[in-house]
Amino acid sequence: MPVLIGVLVVAVAAVAVVAVMRFTGPGEPTAVTAMPNRYQVYESGQANELLANRDDDPRPFTERDFFAEGDSDIGSGDLAFTLQAQSITEDCTEAVWGSRALAAVESADCSQVVRGGYVSADHIGVAAVFKLRDVEASRTLAKGLDPSEDEEAAEGSEGGGFLLPPSSEAPFDALGTGYSSAEATVNGHYLLVLWVQSKDSASAEEVEVLQDPLVTLSRFDMPIYQRINERKNFLESNGQDTGTGTGAEEDATGTDTGDTGAEGTGTGTEGTGTEGAGEGAGAPQGTG
């Protein structure tokens, strides 16, 4: 399995942020509007170079890319996630809530978002891939989903917002009621967002180690790897150099909205960051 190289992450410890709101509008189902306690942003050097612009990769994803019949579950080692809800839409505003996140989606010129809701024996997981204008738009959306932005906002500002799961039914309605962890990876003009929580977590104050389910769920981005290979083969067939840098020169922004500690997950060969208390150092990870 190919591995994205050159991931750099800088995580900044911040005050724990969690917001859980349930609302029902006229004729609308109850929406799960919550934010994770921990959030980090990573960058992928190879995807950022080969898939930097949507104009070079305009083909939309289909259900077959992510949810092929008989091949829609995600597993790694002893941990396995089963697909329980899915969504593909060109209206990316359907995938986020809150004025901050909505503004970020609109400014990033999002043309498609794919979401999967997964359940394992012990965890609830949501994965999403946003197809955006370019790599800078991907960084814009990653920042727009950052819960710590609310801490920095002026008092009285509306702010708020994060990813909406593809279903508001159980068990996804429990997201945000306990301690949850999320991360976003800038993959060129694609942004991968992962969000997990233990099924039995009932308090946002009880920090948990959620590295393994995040790494397992990161396999959701395999269709992006396929696009990378397609783009590389296309360039090589046209006599163009596809040599990519390590990505170490890229300045990845990231936040950790838990207490101080250490962890590195991410999808690549390097990844370090700070994490809530009780989470030990995480080894560099790859999705291969």
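Pro-36 sits in the loop between strands β3 (31-34) and β4 (38-43); helices (H or I, at least four residues) and strands (E, at least two) are DSSP runs, numbered from the N terminus. Pro-36 is buried, with a relative accessible area of 0%. Buried means under 20% relative accessible area, exposed over 50%, and partly exposed in between (1.4 Å probe, protein chains only).

The model is predicted, and local features need pLDDT of at least 70, side-chain atom pairs count only at pLDDT 80 or more, while totals for chains, interfaces and linings use all residues. Residues are numbered from 1 along each chain as its sequence is written, and side-chain values use heavy atoms, with hydrogens and water left out.

**The whole protein**

The secondary structure comes to 7 helices and 13 strands. Of the 288 residues, 55% count as buried. The protein exposes about 11,900 Å², and carbon and sulfur atoms supply 48% of that area. Accessible areas come from the Shrake-Rupley method with a 1.4 Å probe; for residues, only the protein chains shown count as cover.

Contact means heavy atoms within 4.5 Å. Among contacts with a separation of 6 or more, 75% are accounted for by residues 24 or more positions apart.

| Pair | Positions apart along the chain | C-alpha separation |
|---|---|---|
| Pro-36 and Ala-204 | 168 residues | 9.0 Å |
| Thr-33 and Leu-163 | 130 residues | 7.9 Å |
| Gly-117 and Ala-128 | 11 residues | 8.9 Å |

Thr-33 belongs to strand β3 and is buried, with a relative accessible area of 1%. Gly-117 lies in strand β8 and is also buried, at 0% relative accessible area. Leaving aside neighbours within four places in sequence, Gly-117 is in contact with Thr-82, Leu-83, Gln-84, Ala-85, Gly-125, Pro-166 and Phe-172.

**Nonpolar cores**

In soluble globular proteins, nonpolar side chains tend to be buried together. A nonpolar core is a set of buried Ala, Val, Leu, Ile, Met, Phe, Trp, Tyr and Cys residues joined through side-chain atoms within 4.5 Å. The largest such core here has 38 residues, and those with the most contacts inside it are Phe-130, Leu-141, Leu-145, Phe-162 and Leu-191. Not counting residues up to four places away in sequence, Phe-130 touches several residues, including Val-105, Leu-141, Leu-163 and Leu-191. A second, separate core has 27 residues, among them Phe-67, Leu-79, Leu-210 and Leu-217.

**A pair of helices**

Helix α3 (residues 99-107) packs against helix α4 (residues 135-144) at an angle of about 175°, with their axes 8 Å apart. Axes are lines fitted to C-alpha atoms, for helices over the stretch in contact, and angles run from 0 to 180 degrees between N-to-C directions. The angle makes α3 roughly antiparallel to α4, a label used for angles over 145 degrees. On the α3 side the contact is made by Arg-100, Ala-101, Ala-104, Val-105 and Ser-107, and on the α4 side by Thr-140, Leu-141 and Gly-144.

**Backbone exceptions**

Most residues other than glycine have a negative phi, and most peptide bonds are trans. Asp-109 has a positive phi of about 55° although it is not a glycine. Asp-109 lies in the loop between α3 and β8 (112-119) and is partly exposed, with a relative accessible area of 36%. The peptide bond from Ala-170 to Pro-171 is cis, with omega near 5°. Pro-171 is in the loop between β10 (162-163) and β11 (180-187).

Methods. Angles under 35 degrees count as roughly parallel, over 145 as roughly antiparallel, 65 to 115 as roughly perpendicular and the rest as oblique.
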